[in-house]
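User: I would like a close look at a single part of this model. Please keep it brisk.

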Amino acid sequence: MGILTGNPQKEPLHYGEVFTIWTSLAANNGLIAGYQTFFNHTGDKDLSKIIEECIQMMKEANKQLEKLLKVNGIALPPAPPERPNARIEAIPAGARFNDPEISAALSMDTAQGLVACSQAMGTCTREDVALMYGQFHLAKSQIGAKLLRLNKEKGWLVLPPLHVDYPES
């Protein structure tokens with residue numbers, strides 16, 4: 001019987017999977033700290049809810065990623081400390097991120113996260129790890145849809161030039 005048959009949890013992780021899992025955890029740790037800062041800067045209640053949802057989504061993913069690394073004897077990446085809550089009024093106006101900037105950053109991070117999850121799924125040999133990244137992909141897709149809707153509703157979506165004039169044949 002081969003090493004890659006049977007229970008996926010008993011199969012070894014390959015170096016690419018280890019790197020992907022470790023990097024995902026490190027990226028999430030940094031994004032959580034950044035999003036906690038964004039939360040302090042936003043004045044829009046709908047955007048605040050999505051930021052909280054993003055943070056919670058990444059914290060849930062981190063639990064799975066940390067467990068997988070620990071079970072396989074791999075050291076965890078460093079994590080920045082939790083950011084304290086601040087009142088938006090305490091942040092000088094010129095030093096504040098504005099809501100459209102925050103939403104654009106979240107949208108960009110979500111798009112990059114979708115690509116990273118897709119790449120992880122495609123390079124995994126362990127089904128359980130590939131399925132885990134599939135779950136992360138689905139959660140990010142749902143956040144992305146909420147951000148797109150919010151950006152459209154608030155008028156924050158910056159469109160590329162639209163092609164509306166078609167050449168006549």
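What covers the buried residues of α3?

Analyst: This is a predicted model. The cover over the buried residues of α3 includes α1 (15-41), α2 (45-71) and α4 (127-154).

Start with the helix itself. α3 runs over residues 99-123, which is 25 residues. From its first C-alpha to its last, α3 reaches 36 Å, close to the 36 Å expected at 1.5 Å a residue.

Now look at what is hidden. The buried residues of α3 are D99, I102, S103, A105, L106, D109, T110, G113, C117 and A120. Here is a general point to keep in mind. An α-helix has 3.6 residues a turn, so residues three or four places apart point the same way.

Next, take one of the covering helices, α4. The axes of α3 and α4 come within 9 Å and cross at roughly 155°. Angles over 145 degrees count as roughly antiparallel, so α3 is roughly antiparallel to α4. Their crossing is left-handed.

Which residues meet there? On the α3 side they include S103, L106, T110, G113, C117 and A120. These residues are also among the buried ones of α3. S107, L114, S118 and M121 of α3 take part in the contact too. On the α4 side, the partners include Y133, F136, H137, K140, I143, L147 and L150. By class, the contact of α3 with α4 has 11 nonpolar, 10 polar and 1 charged residues.

Last, glance at the loop between α2 and α3, where P80 sits. P80 is partly exposed, with a relative accessible area of 35%. Leaving out residues up to four places away in sequence, P80 touches N29, G30 and A33.

Terms used: Residues are numbered from 1 along each chain as its sequence is written. This is a predicted model: local features need pLDDT of at least 70, side-chain atom pairs count only at pLDDT 80 or more; totals for chains, interfaces and linings use all residues. Side-chain values use heavy atoms; hydrogens and water are left out. Helices (H or I, at least four residues) and strands (E, at least two) are DSSP runs, numbered from the N terminus. The expected span of a helix is 1.5 Å times one less than its number of residues. Buried means under 20% relative accessible area, exposed over 50%, partly exposed in between (1.4 Å probe, protein chains only). Contact means heavy atoms within 4.5 Å. Axes are lines fitted to C-alpha atoms, for helices over the stretch in contact, and angles run from 0 to 180 degrees between N-to-C directions. Angles under 35 degrees count as roughly parallel, over 145 as roughly antiparallel, 65 to 115 as roughly perpendicular and the rest as oblique. A crossing is left-handed if the near helix is turned anticlockwise from the far one by less than a right angle, and right-handed if clockwise. Ala, Val, Leu, Ile, Met, Phe, Trp, Tyr, Cys and Pro count as nonpolar, Asp, Glu, Lys and Arg as charged, and the others, Gly among them, as polar.
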